[in-house]
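Work through the following exercises with the model open. Each task is followed by a solution in steps.

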Amino acid sequence: MTATHSTRMLILGSGPAGLSAAIYGARAGLAPIVVQGIQPGGQLMTTTDVENYPGFREVIQGPWLMQEMQAQAEAVGAQMLWDTIVEVDVSQRPFRMVGDSGTVYVGDTLVIATGAQAKWLGLDSEKLLQGKGVSACATCDGFFFRGKKVAVIGGGNTAVEEALYLTNHSHDVTLIHRRDSLRAEKILQKRLFANDKITTLWNKKVERFIDGGGVTGLVGIELKDMETGELSTLDVDGGFVAIGHHPATELFRGHIALDDDGYITVDKGTTRTNVPGVFACGDVMDKHYRQAITAAGTGCMAALDAERFLAEADFEQVAEAAE
């Protein structure tokens, strides 16, 4: 027999956005259910040192932070269920979701906090050195490379913005691009080329990230010239892969409005989607900041938006019954 879970607030995703929404929703008495998805805890579960989340004077660990958030959400009344949603129906309220377990989830409101995943180059050496000199977030990890040599891989807006940001910490930033021109906006390119801390390497492909062994981590990047095939080595302490992100929204395509990059669109200053009663928060709707603290903030917003939506819907239902 198929199990069914019903709730006033159904939350998909258990990163900072989803768990913050759960905390606020539970405190509002909405008994939220959080469907945790394929990566419970979100991207912070693969992040080691976290130094920029407010409230902690010492460096903390990403998995520990997410465990604490989950424990707080459960302590105030949120329910965590480990499942992956494979089918959605938001054509009418209550909204209906089906997990790959066959379990059915029904929610009077839906908060989507499924996040986004950084695109990687797909190299074995890249995976081996993630968190040991290789990163996909300069804003998150650039501080750890103060005064060191770093490289950014990519040619779009994200790569140029990451390179410019890293000049706040490093005097030696190299942008590596496999073509002979950038895709980034012209204004960003002008800022990049005007910055004497940044060197650009054209027509170079990353062959591998070089491991120094032991506690050293990344010590260099092996590059292949796209025109000549010649191999070379660039000595660096940090390598930042900046080739874009994949928002986890494929499940909602055709059901909820998405922008050209696949992110869920929301009304400005809110988390409201084009479907009344459906809200989106965190990296699934935010392509600009992508920080744990901003995700948590929009999770709070989503819960408050959902609570107000339900209050108005309940009032209208009572008014109609009284007529």
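**Exercise 1.** State whether Phe56 is buried or exposed, or in between, and describe how Phe56 pairs with Tyr53.

Solution. Phe56 has a relative accessible area of 32% and is therefore partly exposed (buried is under 20%, exposed over 50%, partly exposed in between; 1.4 Å probe, protein chains only). Tyr53, at 15%, is buried. The structure is a predicted model, in which local features need pLDDT of at least 70, side-chain atom pairs count only at pLDDT 80 or more, and totals for chains, interfaces and linings use all residues. Residues are numbered from 1 along each chain as its sequence is written, and side-chain values use heavy atoms, without hydrogens and water.

Five aromatic pairs occur in the structure (ring centres of Phe, Tyr or Trp, the latter by its six-membered ring, within 6.5 Å; planes under 30 degrees apart are stacked, over 60 edge-to-face, the rest tilted). Tyr53 and Phe56 make a tilted pair, with 6.5 Å between centres and 45° between planes. Together with Trp64, Tyr53 and Phe56 form one aromatic cluster.

**Exercise 2.** Classify the pair of Phe279 and Phe309.

Solution. The ring centres of Phe279 and Phe309 are 6.1 Å apart and the planes stand at 75°, so the pair is edge-to-face. Phe279 belongs to strand 19 (residues 278-280) and Phe309 to helix 7 (residues 292-322), 30 residues apart (DSSP runs numbered from the N terminus: helices H or I, at least four residues; strands E, at least two). Both Phe279 and Phe309 are buried.

**Exercise 3.** Which residues does Thr109 touch?

Solution. Thr109 lies in strand 8 (residues 104-112), and its relative accessible area is 0%. Leaving out residues up to four places away in sequence, its contacts (heavy atoms within 4.5 Å) are Arg8, Met9, Leu10, Phe95, Gly277, Phe279, Ala306, Phe309 and Leu310.
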